[in-house]
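Here is a short briefing to read alongside the structure. Take a look at the fold first, and then we can walk through its charged pairs, its core and its surface together.

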Amino acid sequence: MRITQKAKEKTAKNILRAAEQLFTDVGYKDTTTRQIAQKAGIATGTLFNYFPSKEALAMSLLAEEIQQGRGDYLKRRSGDEDFGEDLFLLISSELRRLKPYRNFVGPVLESTMSLFSKESSCPAGESTRSEHLQMVRDIIHAHGFSKIPDYISTTLYWSLYLGILAFWSTDESRNQEETLALMDYSINVFTQTISNSAL
């Protein structure tokens, strides 16, 4: 019997929802792919037809939220923001969406979106990185800094961005105030570097 595209999409959604619940209830580290498959009502082997690993599955969950965060950014953006405010709004919009998953953001992003991860290791991680960096390139160009080669600006930015995510994922300060301070400082360093390089 041939499985329809609609049925495949429904199974993928069931897997994601099962994983989300288990990651919340049991913890990311202690959740197994067998438990996820069982909760989704499928065989473990079937799960791997949809997601090659637990990391890829978790990254797919995070990718959904990051994409929603980018949508929030576009809705909130007035167009009057300066360069730093624009970047701050983008990052903070994504962090708001990722907040329910803070307990496993670190290990997932480390293995799927780091500077060292291979493109083929996690398609969801690679597409999320590409889409985020395209938005950053658009912001850089919108603020008149198009003379700087993209590989320079995006490499500098991505290093700072991953550092912010890594710190935020374990930040125990009240309302993650230390993360906000780090974001302010990092974005200021980045915007000053780009601005000075454009002179």
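Let's begin inside helix α7, where Arg129 and Glu126 are three residues apart and are therefore separated by about one helical turn. This is a predicted model, so please read every value below as computed from it. In the model, Arg129 forms a salt bridge with Glu126, with the closest N and O atoms 2.5 Å apart. Both partners are placed inside: Arg129 is buried, and so is Glu126.

**Salt bridges**

- The structure holds six salt bridges, and the Arg129 and Glu126 pair is one of them.
- Side chains of opposite charge can pair when their charged atoms come close.
- Arg17 and Glu64 meet through their side chains in a salt bridge of 3.4 Å, N to O. Arg17 lies in helix α1 and Glu64 in helix α4, so this pair ties together parts that are 47 residues apart in sequence.
- Arg17 counts as partly exposed at 37% relative accessibility, and Glu64 is partly exposed as well, at 29%.
- A network of salt bridges links Arg17, Glu20 and Glu64.
- Glu131 and Arg70 also join their side chains in a salt bridge, at 2.6 Å from N to O. Glu131 sits in helix α7 and Arg70 in helix α4, 61 residues apart, and the pair links distant parts of the chain.
- Is Arg70 buried or exposed? Arg70 has a relative accessible area of 7%, which is under the 20% cut-off, so it counts as buried.

**Nonpolar core**

- The largest nonpolar core has 55 residues, and those with the most contacts inside it are Ile36, Met59, Leu62, Phe104 and Tyr157.
- Elements giving two or more residues to this core include α1 (5–25), α4 (54–76), α7 (123–142) and α9 (177–197). The largest share, nine residues, comes from α4.
- Setting aside residues up to four places away in sequence, Met59 touches Ile66, Val108, Leu109, Thr112, Met113, Cys122, Ala124, Gly125 and Thr128.

**A buried threonine**

- Thr33 has its place in helix α2. At 19% relative accessibility, Thr33 counts as buried because the cut-off is under 20%.
- Beyond its neighbours within four places in sequence, Thr33 is in contact with Thr44, Leu47, Phe48 and Lys54.

**Surface patch**

- Which residues form a nonpolar patch on the surface? Tyr151, Ile152 and Leu156 do, with about 300 Å² of accessible area together.
- Ile152 is found in helix α8 and is partly exposed, with a relative accessible area of 35%.

Methods:
Residues are numbered from 1 along each chain as its sequence is written. This is a predicted model: local features need pLDDT of at least 70, side-chain atom pairs count only at pLDDT 80 or more; totals for chains, interfaces and linings use all residues. Side-chain values use heavy atoms; hydrogens and water are left out. A nonpolar core is a set of buried Ala, Val, Leu, Ile, Met, Phe, Trp, Tyr and Cys residues joined through side-chain atoms within 4.5 Å. Buried means under 20% relative accessible area, exposed over 50%, partly exposed in between (1.4 Å probe, protein chains only). Helices (H or I, at least four residues) and strands (E, at least two) are DSSP runs, numbered from the N terminus. Contact means heavy atoms within 4.5 Å. Patches are made of residues with over 30% relative accessible area and no salt bridge: like charges are joined within 9 Å, nonpolar side chains (Val, Leu, Ile, Met, Phe, Trp, Tyr) within 5 Å. Accessible areas come from the Shrake-Rupley method with a 1.4 Å probe; for residues, only the protein chains shown count as cover. A salt bridge is a side-chain nitrogen of Lys or Arg within 4 Å of a carboxyl oxygen of Asp or Glu.
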